[in-house]
Amino acid sequence: MKRLIVITSVLFFTGFASAQKYSSKTGSVTFEASVPLFEDVYAKDDNNIVVINTDNGEIASVSAVKNFHFKTKLMEEHFNENYAETAKYPKATFKGKIVNFDKTKLTASPQKYTVQGTLNFHGVDKAVSSAASIYSKDGKIYMQGSFVAKPADHKVTIPKVVTKKIAENVNVEYNYIMTK
């Protein structure tokens with residue numbers, strides 16, 4: 001799995017080779033698909049790889065889907081085997097651009113940006129637009145944001161017996177601290 005992430009990262013970030021880039025191998029991505037009165041459906045990956053090209057605002061990230069951990073092992077097992085099908089679709093990727101990004105305008109005060117790109121999950125590409133807060137401090141770039149994804153958009157089948165226990169809209173949040 002580690003080898004897969006390295007190979008994928010190299011392929012994704014080849015275009016970043018000559019550019020000024022910031023990156024992290026410990027980015028945090030969470031998702032929540034909870035509904036009231038049922039068990040929380042929440043998972044977190046603290047090993048998301050992200051790279052930003054500060055010359056043009058291009059950004060890419062990759063997660064090994066098995067890195068998403070749930071409160072209960074049974075929920076994690078069901079997610080990996082039945083919903084995400086991680087044996088068949090081992091990674092989730094995002095490739096896009098921060099709209100109107102200008103590194104020279106970054107300060108220690110967070111600024112609002114829009115991130116647009118393509119999320120690939122479960123083998124399906126889907127356009128995503130995300131609100132993000134970005135700032136620079138102590139030579140690092142900090143980025144936090146969120147967006148909503150729908151399992152149906154990624155051809156994830158939710159069994160009828162649990163459809164009322166899993167939200168139709170999944171809230172995805174990311175938090176990155178990137179260094180040169």
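Helices (H or I, at least four residues) and strands (E, at least two) are DSSP runs, numbered from the N terminus. This is a predicted model, in which local features need pLDDT of at least 70 and side-chain atom pairs count only at pLDDT 80 or more, while totals for chains, interfaces and linings use all residues. Residues are numbered from 1 along each chain as its sequence is written, and side-chain values use heavy atoms, with hydrogens and water left out.

View 1. From the N terminus, the order of elements is α-β-β-β-β-α-β-β-β-β-β. The chain has 180 residues, and 46% of them count as buried. Buried means under 20% relative accessible area, exposed means over 50%, and partly exposed lies in between (1.4 Å probe, protein chains only). A contact is a pair of heavy atoms within 4.5 Å. Take the contacts between residues at least 6 apart in sequence: 61% of them join residues at least 24 apart. The accessible surface comes to about 10,400 Å², and carbon and sulfur atoms account for 52% of that. These areas come from the Shrake-Rupley method with a 1.4 Å probe; for residues, only the protein chains shown count as cover.

**View 2. Strand β1 pairs with β2 and with β9.** Two strands pair if DSSP finds at least two bridges between them. β1 covers residues 21-32 and β2 covers residues 42-53. They run antiparallel, joined by nine bridges. Look for Y22, which stands opposite I52 in β2. β9 spans residues 170-178. Its pairing with β1 is also antiparallel, over five bridges. Here E32 stands opposite N171 in β9.

**View 3. The largest nonpolar core has 42 residues.** Such a core is a set of buried Ala, Val, Leu, Ile, Met, Phe, Trp, Tyr and Cys residues joined through side-chain atoms within 4.5 Å. F79, I98, I134 and M143 have the most contacts inside this core. Two or more residues each come from β1, β2, α2 (73-83), β5 (91-98), β6 (111-121), β7 (124-137), β8 (140-149) and β9. β9 gives the largest share, five residues.

**View 4. I98 sits among residues from several parts of the sequence.** Leave out residues up to four places away in sequence. I98 then touches I52, G57, I59, Y113, T114, V115, I134 and M143.

**View 5. I134 lies in strand β7.** Is I134 buried or exposed? I134 is buried, with a relative accessible area of 0%. P110 is 24 residues away in sequence, yet the two C-alpha atoms are 5.2 Å apart. Neighbours within four places in sequence are again set aside. The contacts of I134 are then I98, F101, L106, S109, P110, Q111, Y113, I141, Y142 and M143.

View 6. M75, E76, F79, N80 and Y83 are the buried residues of α2. The buried residues of α2 pack against β1, β4 (69-70) and β6. Just after α2, E85 takes a positive phi of about 50 degrees.

**View 7. D46 and K44 form a salt bridge.** A salt bridge is a side-chain nitrogen of Lys or Arg within 4 Å of a carboxyl oxygen of Asp or Glu. How many does a search of the whole structure find? The search finds one. The side chains of D46 and K44 meet at 3.7 Å, N to O. D46 is partly exposed, at 39% relative accessibility. K44 is partly exposed too, with a relative accessible area of 33%.

**View 8. N100 and K155 have positive phi values.** N100 is in the loop between β5 and β6. Its phi is near 55 degrees, and N100 is a residue other than glycine. N100 is exposed, with a relative accessible area of 70%. K155 is in the loop between β8 and β9. K155 is not a glycine either, and its positive phi is about 55 degrees. At 62% relative accessibility, K155 counts as exposed.
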